[in-house]
Amino acid sequence: MAENTIKKTNKPPFSWRDELGYIFGDMAGSFVNLFIDAFYLTFCTYVLGVSPIFMGNLFLFARLFDAINDPIIGSFPDRWRLGKKGDKFKPYIKIAMWPLALANILCFTDVSSFGDTAMHVWVSLAYILYGVSYTGTSMPFGAMANVITDKPEERTKLSRARSIGGTVVGFGALSIVPLFAWDANNAPIPKAFFIIAVIFAILSLLGYTALMHMTHERIAEAPKKEENFNYGMVIKDAFRNRPLIGVMVATVGSLIYITGNSQLGQIMFKEYYNRPDILAYVNFASLFVLLVALPTVPRMANALGKQKTILFAVAANFILSLLDVSPYC
């Protein structure tokens, strides 16, 4: 099989605009992803009255569906080019960003007046739409660094920019949500969830638009035409790749902790501490921990090695998670 033709296009050189655009791109996805991860379970159980058992099964089904959906959507840019500019990833983001914004609004629409069956169908379809749309934006966005530049130091800058975007949303915009989503009696405010969802949907669209205008795909690669994409072979090869299996297991573990902590945080602070608003201040306080960790972790990794640093962080996280601070709340 002949190798794909790879060439550099006549685009402006890499600059701070690409980094800023990548920050906006990650913020765009985070406005929807982090908001739904943190508050969808809370909204569905407290506002709509959906059973937590149903929500748990929905999340499980969605993750299993992702195992099929993700590799399919992820293969699209390699197989087909859209648009006239020759960009590989941007056209797919331009398409998927609209249903992603819509899904964010649908997820936080108060449909408690619907019949029981209709409400459960709405909750399920809205969440599945979110999952498919987020895959449609996040996978091309994550791979864009490879076509923006072929220089390792510039790709490192993009990776750093990407982490900044999620941090800004996670510790900034998302932290203030509990201050508006609960009333003085610790009851949820359905309209507040919906308004925030609309605002975040608009900010998501603006972020992706900034990404489109500020970044350039400079490395052009001809689409693969000479072999069919075999999904079964991809899955089979994945289970033969020991390093990949290790990364997959570690990723699953981290997602269980991060997503579980995010989704159950609201419930724990409301039911156990009876102070859902306190979570906003906890998130703000976490920002200072992050600022200390940013310069410290690389030094620890250089001194102890990456494996020991990760194990130390996981152990510390586990111990801190066991602490009961209810007497102080």
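Q: Why is Thr 309 called buried?
A: In this predicted model, Thr 309 has a relative accessible area of 8%. Buried means under 20%. The value falls under that cut-off, so Thr 309 counts as buried.

Q: Where is Thr 309 placed, and which residues does Thr 309 touch beyond four places away in sequence?
A: Thr 309 sits in helix α12, residues 306-321. Leaving out residues up to four places away, Thr 309 touches Val 297, Met 300, Ala 301 and Leu 304. A touch here is a contact, with heavy atoms within 4.5 Å.

Q: Is Asp 18 buried or exposed, and how do you know?
A: The relative accessible area of Asp 18 is 1%. Exposed needs over 50%, and buried needs under 20%. Asp 18 is therefore buried.

Q: What surrounds Asp 18?
A: Asp 18 is found in helix α1. With residues up to four places away not counted, Asp 18 touches Pro 13, Ile 148, Leu 158, Met 214, Thr 215, His 216 and Arg 218. Lys 157 lies 139 residues apart from Asp 18 along the chain. Even so, the C-alpha atoms of Asp 18 and Lys 157 are separated by 9.4 Å.

Q: Why is α1 called roughly antiparallel to α4?
A: The axes of α1 (residues 16-47) and α4 (residues 116-143) cross at roughly 155 degrees. Angles over 145 degrees count as roughly antiparallel. The crossing angle passes that cut-off, so α1 is roughly antiparallel to α4. The two axes come within 11 Å. The crossing of α1 past α4 is left-handed.

Q: What makes the contact of α1 with α4?
A: From α1 come Tyr 22, Gly 25, Asp 26, Gly 29, Val 32, Asn 33, Ile 36, Asp 37, Tyr 40 and Cys 44. From α4 come Val 123, Ala 126, Tyr 127, Tyr 130, Tyr 134, Phe 141 and Gly 142. By class, eleven are nonpolar, four polar and two charged. Gly counts as polar here, and Asp as charged.

Q: At what angle does α1 pack against α2, and which way do they cross?
A: The angle between α1 and α2 (residues 52-79) is about 145 degrees. Their axes are 10 Å apart. The crossing of α1 past α2 is right-handed.

Q: Which residues make the contact of α1 with α2, and of what class are they?
A: Tyr 40, Leu 41, Cys 44 and Thr 45 of α1 meet Pro 52, Met 55 and Phe 59 of α2. Six of these residues are nonpolar, one is polar and none is charged.

Q: What makes the phi of Asn 186 worth a look?
A: Most residues other than glycine have a negative phi. The phi of Asn 186 is near 60 degrees, a positive value in a residue other than glycine. Asn 186 lies in the loop between α7 (177-181) and α8 (190-214).

Q: How do you know whether Asn 186 is buried or exposed?
A: Asn 186 has 14% relative accessibility. Buried means under 20%, so Asn 186 counts as buried.

Q: How many helices and strands does the chain have, and how much of the chain is buried?
A: The chain has twelve helices and two strands. Of its 329 residues, 37% are buried. The accessible surface comes to about 18,800 Å², with 67% belonging to carbon and sulfur atoms.

Methods: Residues numbered from 1 in each chain as written. Predicted model: local features only at pLDDT ≥ 70, side-chain atom pairs only at ≥ 80, totals over all residues. Heavy atoms only, no water. Axes fitted to C-alpha atoms, helices over the stretch in contact; angles between N-to-C directions. Parallel < 35°, antiparallel > 145°, perpendicular 65-115°, else oblique. Left-handed = near helix turned anticlockwise from the far one by under 90°. Buried < 20%, exposed > 50% of the residue type's maximum accessible area, 1.4 Å probe, protein only. Areas by Shrake-Rupley, 256 points an atom, 1.4 Å probe, with all protein chains shown as cover.
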